[in-house]
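Hi,

Here is the structure I said I would pass on.

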Amino acid sequence: MNTDKNGESPFITLLKKELVVAMGCTEPAAAALAGATARSALGEEPTRVLIRASREIIKNAMHAGIPHTDLKGIRAAVALGIAGGETSRGLNILSGIEPGVEQRAREYLDSGKMELELVEGAPPVFVEVRLDAGTRRIAARILHEHSHAEVLEASEFEKKETFPVEAPAASGPQLDLPLIYDFAARVPLEDIDFLVDGAKTNLELAQYSMEAGYGIRVGKITLESYGDASPIVDYLFRQGASVAAAASDARMAGCPMPVVINSGSGNQGITVSVPVLVMAEGLGRSREETARALCLAHLTALMMTSRKDRLSALCGAFTAAIGTAAGYISLLGGTYTKTEHCINIMIANLIGLLCDGAKGSCALKIYSCVEAAALAVKLAMAGSSVPAAEGILDYTLDETLLAVQKISHEGMIPLDKTVLSLMMNKTQGNAE
């Protein structure tokens, strides 16, 4: 593969861009970053705050716990950013909540100054915070990617609004399974060694959660139920699902520990990396074998994300667990063909798994998806596969991925609107 302007493989550049550390759920973090960026640009206390966000951002922020506080929702996240967020922390902004910041944020929330507007037609990753102070107006906007906030003057955001179309494939390497599979097998270890450390960061969160018992304790309870009497690989499959769920339990409950994300999502970063690391360590695989499996897993998950919107009505645990399955196949000595069969099995099994926002019960979906990855691996390694062109599957993997893309981009948008409507009407806006 060619190198980029830094002499680095585009795949490595992509992995370093995507697998960054974040504190708490990435949608509240992005909202807090927008709030802090706008407040810094304004330079004084705002008299009015207008939050404009996509359906997906509002949905995913609604029930996610915010680290160091007992607050939830996009309004609370923006208030924390305005009250004292440090923009230099990026998506780790919620790790720096100093004493007094939460109290100032609550004052904003109680002041009546903060309004929330749902922006229909906005890209999935869109949040804009507009601040007024006297005659001065300023805004900060996050568009397409969670981690970058752009400052806008009033003349820029008050004109007729249009959104540029996101084209993720044009800004990065071609994410096709044959290229990914070959790259993961050949890339020098020193180029992907950082993936092991990132997986260990996520595993530390999971282990802490197993001890502390966060959220609805999906990971802790399921692992305790199984014990360790199963054959080693079966036990490691179950342990991987439980430990990944435990990390999500903690993250969604606002645990103040970092997580390495994938596709803009901490839960997806956990789903991809933690089970693969658990399997590698349990089987005594070398650091190089572990890094290669993680490389294949992360890139496969990013390939799936490139076929859908980063935030959509398709659950991200489903697409991330396809990466998990690919990593498992690598550690168990499987071939490219078995990897492809495994992906087809996962799509046939889980297509249509809907996202109803980031929240504590995401741990249930992560557990189920990682268990489904284990099932797909067992079937593929035994030589089984779903017949070609059955259901939405097509005759080639590329054609099947186009079907997934069409379902995400066209078929599930009405469903996503219905899901958010149900969530908003149920809470009457109180969990915004």
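First, the ground rules. This is a predicted model, so local features need pLDDT of at least 70 and side-chain atom pairs count only at pLDDT 80 or more, while totals for chains, interfaces and linings use all residues. Residues are numbered from 1 along each chain as its sequence is written, and side-chain values use heavy atoms, with hydrogens and water left out.

**Helix packing**

Helices here are DSSP runs (H or I, at least four residues), and they are numbered from the N terminus. Axes are lines fitted to C-alpha atoms over the stretch in contact, with angles running from 0 to 180 degrees between N-to-C directions.

Start with helix 2 (residues 26-42) and helix 4 (residues 74-84): their axes are 7 Å apart, at an angle of about 40°. That makes helix 2 oblique to helix 4. On the scale used, angles under 35 degrees are roughly parallel, over 145 roughly antiparallel, 65 to 115 roughly perpendicular, and the rest oblique. The crossing of helix 2 and helix 4 is right-handed, meaning that the near helix is turned clockwise from the far one by less than a right angle. Helix 2 brings Pro28, Ala31, Ala32, Gly35, Ala36 and Arg39 to the contact, and helix 4 brings Ile74, Ala77, Val78, Gly81 and Ile82; contact means heavy atoms within 4.5 Å. By type, that contact has eight nonpolar residues, two polar and one charged. For those classes, Ala, Val, Leu, Ile, Met, Phe, Trp, Tyr, Cys and Pro count as nonpolar, Asp, Glu, Lys and Arg as charged, and the others, Gly among them, as polar.

Then there is helix 12 (residues 266-282) with helix 14 (residues 316-331), where the axes come within 8 Å and cross at roughly 20°. That makes helix 12 roughly parallel to helix 14. This crossing, too, is listed as right-handed. On the helix 12 side, the contact includes Gln268, Thr271, Val272 and Pro275, and on the helix 14 side it includes Gly316, Ala317, Thr319 and Tyr328. The residues of this contact divide into ten nonpolar, six polar and no charged.

**Salt bridges**

How many salt bridges does the structure hold? The count is 26, taking a salt bridge as a side-chain nitrogen of Lys or Arg within 4 Å of a carboxyl oxygen of Asp or Glu. For accessibility, buried is under 20% relative accessible area, exposed is over 50%, and partly exposed is in between (1.4 Å probe, protein chains only).

- Arg89 and Glu86 have their closest N and O atoms 3.6 Å apart. Arg89 is partly exposed at 34% relative accessible area, and Glu86 is partly exposed at 35%.
- Asp182 and Arg186 meet at 2.6 Å, N to O. They sit four residues apart in helix 7 (residues 177-186), so about one helical turn separates them. Asp182 is partly exposed at 37%, whereas Arg186 is exposed at 63%.
- Asp356 and Lys359 have their closest N and O atoms 2.7 Å apart. Asp356 is partly exposed at 26%, but Lys359 is buried at 10%.

There is also a network: Arg52, Glu117, Glu128, Arg130 and Arg141 are joined by salt bridges that share partners.

**Single residues**

Glu340 lies in helix 15 (residues 336-350) and is partly exposed, at 22% relative accessibility. Leaving aside residues up to four places away in sequence, Glu340 touches Leu177 and Leu397. Between Glu340 and Ser248 there are 28 Å in space, C-alpha to C-alpha, and 92 residues in sequence.

Two backbone angles are worth a look, because most residues other than glycine have a negative phi. His68 has a positive phi, near 70°. His68 is in the loop between helix 3 (55-61) and helix 4, and is partly exposed at 40%. Ala389 also has a positive phi, about 65°. Ala389 lies in the loop between helix 16 (362-381) and helix 17 (397-411), and is partly exposed at 31%.

Cheers

Conventions
Helices (H or I, at least four residues) and strands (E, at least two) are DSSP runs, numbered from the N terminus.
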